[in-house]
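Dear colleague,

I am handing over the structure below, together with some notes on what was found in it. Please read the notes with the model open beside them.

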Amino acid sequence: MNHLISAIVVTAIVFTSSLTFSRDTDSLTIQSYIDRQEVQLKASEYLNARSFMTGDLDQDGIDDLAILYTLEGIGGGGNNYSSFLAVFLRTEEGLKFSSDILVGGKSSRSLSFKSIENGVITFDTRFSTIREDGTWDPSCCPSGEGEAFYVLFYGELRELNVAEAAPIDWKKVRKVMKAN
C-alpha cells in the first residue's frame, strides 16, 4: 500500500513539474517573440493591454494560444499605438509561433477577445464613428461597436467578413481566401 501511495505522489509531482515547466516555457516563448517585435519595430509593449485566449486554431483537437498585444511608439517614439494578434500553435515541444497580424490601434479600433470556436477567433470591437453633429468621435472614446473575425488559414492569420464567419463552412472559407 505504501508503494502505491509513493507511486501516486511521485506521479503527481512529475505531472505538476511538467505543467510548471510547460507554463514557464510558454511564457518565455511568448515574451521572446514580443521582445523581437519591439526591437524590429522600435517600439515598446504596453504590458497591461496584453490578453490571451486558448482554443483549437489549426483543427488538430489541441488548444492553441492567441495573444493580443499592444506596441507603443512604433518607429522610435510618439504616443501612437498599434494592436497585434499573434497565434502560437501547441506542439509536443511546446508553443510554436505561427502568424501575426495588425488588428487595430489608436484612432482605428480596439479589440477584446470574445471567443475561439471552430477555429475562428472572434473579437468585440470599438471604433470611431461620425456623430450626429457630423464630427468624429474623439480617439479616446469611440462609440462604434462591432465584431472582428480571424482565422488561421494555411498558417497565416486572415480577417474574415461577417458573411464568411458565421456559420463557418471551411470549404467556403478556403475558397474565398484562395481568391484573395
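I begin with D26, which counts as buried because its relative accessibility is 10%, where buried means under 20% relative accessible area, exposed over 50% and partly exposed in between, with a 1.4 Å probe and protein chains only. Please note that this is a predicted model, in which local features need pLDDT of at least 70 and side-chain atom pairs count only at pLDDT 80 or more, while totals for chains, interfaces and linings use all residues. Residues are numbered from 1 along each chain as its sequence is written, and side-chain values use heavy atoms, with hydrogens and water left out.

The side chain of D26 meets that of R90 in a salt bridge of 2.8 Å, N to O; the term stands for a side-chain nitrogen of Lys or Arg within 4 Å of a carboxyl oxygen of Asp or Glu. Since R90 lies in strand 4 and D26 in helix 1, the pair ties together parts that are 64 residues apart in sequence (helices, H or I with at least four residues, and strands, E with at least two, are DSSP runs numbered from the N terminus). R90 itself is partly exposed, with a relative accessible area of 25%. By this rule there are seven salt bridges, and another of them joins R126 to E145, with the closest N and O atoms 2.6 Å apart.

Turning to the aromatic residues, the structure holds eight aromatic pairs, which are rings of Phe, Tyr and Trp (its six-membered ring) with centres within 6.5 Å, counted as stacked when the planes are under 30 degrees apart, edge-to-face when over 60 and tilted for the rest. The rings of Y33 and Y69 have centres 5.9 Å apart and planes at 90°, so this pair is edge-to-face.
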